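Here is a short report on one protein chain. Take a look at the sequence and the structure before reading on.

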Amino acid sequence: MAAEKKSRSRSTPKDPLPAAIEGLGVFYLGRKVDAASGTTTAEPLLLDAKRFTTHAVCVGMTGSGKTGLLIGLIEEAALDGIPTLVIDPKGDLANVLLSFPNLAPADFLPWVEPEAARREGVSLEELADRTARKWSDGLAASGQSGDRIRRLHDAAEMAVYTPGSRTGRPLAMLGSFDPPPAAILDDPEARRERIESLVSAILALVGIDGEPGRSREHVLLATILDTLWRSGQKVDFGTLVRSIPAPPIERVGFLDLENFFPAGDRFQLASRLNTVAAAPGFEAWLDGEPLDIGRLLWTADGRPRVAVVSIAHLADAQRMAFVTLLAGATVSWMRSQGGTSSLKALFLMDEVFGYMPPTANPPSKTPILTLMKQARAYGLGVVLATQNPVDLDYKGLSNAGLWFLGRLQTARDKARVLDGLEGAAQASGGSFDRSRLDALLSGLEQRRFLLHSVHGEEETLFQSRWTMAYLRGPLLREEIRRLTAATPAAATPSTTPGRPQPTLEATPAAGGGWQGGPRPLLPPGVREVFLAPDGAVPIEAGIQYTPAILGRARVRYAKASAGIEVDREVVCLAAAGDALGESAWESAEQFAETPHLEPAPRAGSFAPLPAALAGPRGYASLATSLKSHLGRTSKLTAWSAPAIGAVSRPGETEGEFRVRIAQRAKEWRDEQIEKVRDKHATKLASLTDRIERARQKVEREKAEAKNQSLQTYVSIGTAVLGALLGRKKASATTIGRAATSMRSASRAARQQADVAHAEEGLTTLEEKRGLLEEEIETDLERIRLESGSDSIALEPIDIPAKKTDIAVEEVVLAWVPAPSGPMRAERGVWG
């Protein structure tokens with residue numbers, strides 16, 4: 001977690017920089033540059049992590065060092081336990097995965113470019129050795145080492161996702177359009193935003209410019225999707241396409257459907273979408289991990305993740321569709337989070353050019369603007385970067401509190417940035433010194449940036465730090481494939497997320513053969529349902545159904561001491577047999593919802609039905625035994641963190657709970673840091689001021705002592721010369737001069753004593769400040785240890801269901817589809 005980044009040595013290092021950059025809740029971005037001389041100072045640029053909740057914009061031409069600055073920011077966030085969702089249009093930011101704790105040439109060898117070796121006239125091994133030394137020296141010069149890289153690897157997981165491709169981790173862009181959580185579904189504004197971004201992305205995918213509220217294609221699809229969601233129906237891309245010719249609506253607004261969008265036009269729209277679905281490779285858009293922002297930002301066990309979503313391989317229309325969809329999903333996720341003043345996660349997009357223009361309104365613009373306006377309240381920081389500063393909506397970016405300005409290509413680019421910043425400052429009520437900013441921007445070198453805040457803080461010139469990651473340049477698809485293969489892979493569901501699929505195995509008929517036949521006739525009182533086949537069942541080969549029993553019950557779990565009381569639906573699916581007691585349910589699969597059903601069976605054959613299930617009495621017995629089975633086996637597992645008095649919410653996994661308490665610990669940490677700052681700020685400022693005045697006094701006393709010493713030497717010299725050269729051996733004048741010389745020497749001695757006294761006072765003040773800084777360090781170390789997620793132990797809470805709190809709603813006959821022929825032998829009766 002964050003705190004693991006901040007482990008520090010109790011001994012004072014020779015170079016104070018390594019200790020300074022490991023402060024709690026701060027990002028080390030580089031070293032400050034003296035604006036007057038242009039030299040890089042030893043003072044690090046440390047930004048409070050919370051500053052990024054006000055969002056940031058990074059502008060710089062190719063070669064400015066923008067990519068390195070962004071990767072450094074991602075690394076700092078990861079070290080602080082803050083996950084980042086990265087949209088990478090060019091493939092540069094995937095370099096963040098190329099960090100090697102050992103800094104060995106063998107680590108760099110697979111990634112150095114053969115062409116670069118040929119240009120330099122060296123072998124790949126020699127180039128790898130040079131690169132390893134270069135990176136080791138660069139890190140050392142910026143106060144970093146391989147140990148910091150190890151802490152980075154321990155702090156967060158890193159992965160590259162490739163939507164529409166299996167090169168990296170696949171991401172199911174169109175895998176599921178299921179309804180959002182109830183908090184969003186019940187909020188008209190949030191539901192509208194989610195539908196608008198989803199429909200805009202779908203239309204962008206087929207090249208239709210469908211502006212929300214103006215395009216009839218957009219209105220039709222939005223109305224269909226809204227109707228399906230509110231009816232509780234599961235939706236995927238195929239369902240949506242099939243609903244266009246025959247929508248589940250009769251009116252759109254005040255017009256009849258046929259008047260608003262005639263059937264012929266609706267069929268053409270459906271055909272365009274179907275053409276995309278029929279194209280080779282479309283299945284890649286359906287496979288992979290679901291587009292779940294929470295799952296992208298954190299692993300299943302609650303570990304933060306840097307999720308780099310590479311879209312360099314996509315066509316322009318596909319990029320626009322995906323960015324719109326991802327930004328819209330982020331808005332929905334954001335609204336499901338609680339408010340916080342601490343930084344919880346980062347949403348970072350490189351090369352935002354074209355996605356947020358000043359006048360046009362592409363589908364991606366609305367969700368990105370929503371994030372810029374509202375994400376701060378939820379602790380989500382937005383970072384947008386571009387090398388083209390001309391085509392940006394600076395009015396929309398006025399919500400950005402931080403601007404990182406690098407080298408710009410033309411005077412026009414600089415003028416456009418200054419115009420935009422001036423407008424943003426006026427919109428936010430901040431001050432803006434255009435001439436000073438213009439002067440600072442002129443002549444910026446590579447890796448040097450101007451940090452500008454619209455909230456009135458003074459601009460800061462700095463040189464970005466050396467990245468821990470090897471900046472290889474844009475990664476090709478094969479390189480991403482190789483990089484993904486070398487990193488731990490997450491589980492990739494092959495079926496639509498959220499849809500239960502039976503995986504049981506039933507016992508085949510005697511003799512091991514399939515004894516299929518016609519659908520059996522059932523007496524009144526016996527209800528049958530038909531499970532939909534999953535994608536692994538080849539429908540063209542014919543469906544063969546095998547019987548099962550499916551029971552639905554409502555179960556109440558309650559534990560007053562933990563504040564838990566929840567009512568859940570439990571669905572059990574078990575192989576059919578002659579047993580009617582509890583043993584019938586021993587091997588049952590449990591689901592949180594009913595598997596996807598079809599209204600009627602497809603063409604195929606049916607396995608024989610056990611005699612016990614041929615009449616309604618058997619199902620009544622199974623209902624009784626299901627209640628007993630659930631009363632004995634059903635339990636709800638929750639988690640508690642006694643140290644902070646937190647208990648997981650119903651349905652919250654251990655990983656999700658860890659994420660929540662980690663954020664709670666981070667908020668507590670930030671509050672404690674503020675208290676430490678407030679507690680010591682006045683005393684530290686007073687000591688610093690006194691030390692500065694003491695230094696001035698020492699310098700003043702030294703100057704006076706030097707002057708007095710010079711006067712003493714002159715006085716003594718005059719007296720000696722007068723005595724030696726005078727006519728009288730001891731005239732009154734000579735004696736007077738000697739006395740004056742003695743008095744002058746006495747004053748010089750007193751002046752030297754004053755210098756020693758002033759230096760002693762300065763030393764005392766510096767020692768006091770050192771003790772105060774040690775006290776602050778002790779407080780921060782205590783906060784670090786107490787806020788670490790590893791120090792918060794979790795305890796499971798098992799809440800069994802009482803039999804009196806179980807109500808079995810029904811037990812029915814379920815026909816489960818299975819493959820036919822040879823595939824049946826390979827996959828088993830249940831698939």
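The report starts with the whole chain and then turns to selected parts.

## The chain as a whole

This is a predicted model. The chain holds 23 helices and 25 strands. Of its 831 residues, 50% are buried.

Now consider contacts in the chain between residues at least 6 apart in sequence. Of these, 76% join residues at least 24 apart.

Strand β1 covers residues 26-33. Is β1 mostly covered or mostly uncovered? It is mostly covered, with 7 of its 8 residues buried.

β1 pairs with strand β2, residues 40-48, in the antiparallel sense. The two are joined over 6 bridges. Here Gly 30 stands opposite Leu 45 of β2. The hairpin of β1 and β2 has 6 residues between the strands. In this hairpin, Gly 38 takes a positive phi near 80°.

β1 also pairs with strand β15, residues 460-464. This pairing is antiparallel too, over 3 bridges. Within it, Arg 31 has Gln 463 of β15 as its bridge partner.

## Helix α15 against helix α16

Helix α15 spans residues 316-335, and helix α16 spans residues 365-374. They pack at an angle of about 30°. Their axes lie 8 Å apart. The crossing of α15 past α16 is left-handed.

Which residues meet? From α15 they include Val 323, Ala 327 and Val 331. From α16 they include Pro 367, Ile 368 and Leu 371. By class, this contact has 7 nonpolar, 5 polar and 1 charged residues.

## Ser 332

Ser 332 is found in α15. Is Ser 332 buried or exposed? Its relative accessible area is 8%, and buried means under 20%, so Ser 332 is buried.

What does Ser 332 touch, leaving out residues up to four places away in sequence? Its contacts are Ile 184 and Arg 194.

## A sheet of three strands

An open sheet of 3 strands has the order β23-β22-β24. The pairing is antiparallel. The edge strands are β23 (646-647) and β24 (795-800). Each of these pairs on one side only.

Strand β22, residues 635-641, is joined to β23 by 2 bridges. At one of the paired positions, Ala 641 has Ala 646 of β23 as its bridge partner.

Notes:
Residues are numbered from 1 along each chain as its sequence is written. This is a predicted model: local features need pLDDT of at least 70, side-chain atom pairs count only at pLDDT 80 or more; totals for chains, interfaces and linings use all residues. Side-chain values use heavy atoms; hydrogens and water are left out. Helices (H or I, at least four residues) and strands (E, at least two) are DSSP runs, numbered from the N terminus. Buried means under 20% relative accessible area, exposed over 50%, partly exposed in between (1.4 Å probe, protein chains only). Contact means heavy atoms within 4.5 Å. Two strands pair if DSSP finds at least two bridges between them. Axes are lines fitted to C-alpha atoms, for helices over the stretch in contact, and angles run from 0 to 180 degrees between N-to-C directions. A crossing is left-handed if the near helix is turned anticlockwise from the far one by less than a right angle, and right-handed if clockwise. Ala, Val, Leu, Ile, Met, Phe, Trp, Tyr, Cys and Pro count as nonpolar, Asp, Glu, Lys and Arg as charged, and the others, Gly among them, as polar.
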